[in-house]
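Here are my notes on the model you sent over.

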Amino acid sequence: MNKKTVIQVLMIFLVTLIFLLFYLKYFNKNLKDNAVVEKIALNQNSSSTYIDNINYISSDARGNKYQITAQEAEIGIEDPDIMFLKNVIAYVFIKDSDMVKITSDFGKYNSKNYDTIFSKNVIIIYPSHTITGEYLDFSFLDNLGTISTNVFYTGDKTNLFADKIEINLTTKDTKIFMNDNIKKVLIEGVR
């Protein structure tokens, strides 16, 4: 083989390698779950990973979107799909419906199925309605949420105290419960 042929083969190999690396870096991403992760720092004992300022955006086949952000996240080595979050803000965008905003002090997020448990100082806000409580179990794929413990609902004309509220974000069906069947849900009219 002459020198010119060897150089041409090396150039073709180099160009192919560059295109392959470029494709893998910029085009080979899962479009359903785009994660923006900043500043990864390993814990001293290497049993978990901490991430600051995390932002996950997910969507489903029906056109609904779910965005969750947190000031800090901890990912365990045993199950990297589960993240423990601090100072959580989530937005649920249901197609042909209003946006729902959820905030809490803590959260547990499953990056595989997008299920999220919000805890401590949970606030759910959607137009003309606010619900507060201490614990929210939310399933994005089913668009269902169950808020419990010290639940307080505020609407345009009503305040409500209950032990548990189940909400279907797609149909807007809501079920209100007390844990003890003898107790009644307290409803106040507001002028």
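This is a predicted model: local features need pLDDT of at least 70, side-chain atom pairs count only at pLDDT 80 or more; totals for chains, interfaces and linings use all residues.

1. The largest nonpolar core takes in 35 residues. Those with the most contacts inside it are Tyr66, Ile68, Leu85, Ile102, Phe118, Ile124 and Ile131.

2. Where does this core draw its residues from? Two or more residues come from each of these strands: E2 (48–59), E3 (65–76), E4 (82–93), E5 (99–110), E6 (116–126), E7 (129–139), E8 (144–154) and E9 (158–168).

3. Now the rings. How many aromatic pairs turn up in the whole structure? The search finds five. One of them is Tyr66 with Tyr109: the ring centres are 6.5 Å apart and the planes sit at 40°, so this pair is tilted. The pair also links distant parts of the chain, with Tyr66 in strand E3 and Tyr109 in strand E5, 43 residues apart.

4. Are the two tyrosines of that pair buried or exposed? Tyr66 has a relative accessibility of 1%, and anything under 20% is called buried, so Tyr66 counts as buried. Tyr109 is buried as well, with a relative accessible area of 1%.

5. Tyr91 and Phe93 make another aromatic pair, and this one is stacked, at 6.3 Å centre to centre with 20° between the planes. Tyr91 has 22% relative accessibility, so Tyr91 counts as partly exposed, the class between 20% and 50%. Phe93 is partly exposed too, at 34% relative accessible area.

6. Last, the largest pocket, which holds about 210 Å³ of space. Its lining is made up of 16 residues, and those nearest the centre are Tyr126, His129, Ile167, Lys172 and Thr174. By class, the lining has ten nonpolar, four polar and two charged residues.

7. Which element gives the largest share of that lining? E9 does, with four residues. Strands E7, E9 and E10 (174–177) each supply at least two residues of the lining.

How values were computed:
Residues are numbered from 1 along each chain as its sequence is written. Side-chain values use heavy atoms; hydrogens and water are left out. A nonpolar core is a set of buried Ala, Val, Leu, Ile, Met, Phe, Trp, Tyr and Cys residues joined through side-chain atoms within 4.5 Å. Buried means under 20% relative accessible area, exposed over 50%, partly exposed in between (1.4 Å probe, protein chains only). On a 1 Å grid over the protein atoms alone, a cavity is a set of points where a 1.4 Å probe fits but cannot get out, and a pocket is an open set with protein on both sides within 12 Å along at least five of seven lines; lining residues have an atom within 4 Å of a point. Grid points are joined across faces, edges and corners, and a volume is the space filled by probe spheres set on the points. Ala, Val, Leu, Ile, Met, Phe, Trp, Tyr, Cys and Pro count as nonpolar, Asp, Glu, Lys and Arg as charged, and the others, Gly among them, as polar. Rings of Phe, Tyr and Trp (its six-membered ring) pair if their centres lie within 6.5 Å; planes under 30 degrees apart count as stacked, over 60 as edge-to-face and the rest as tilted.
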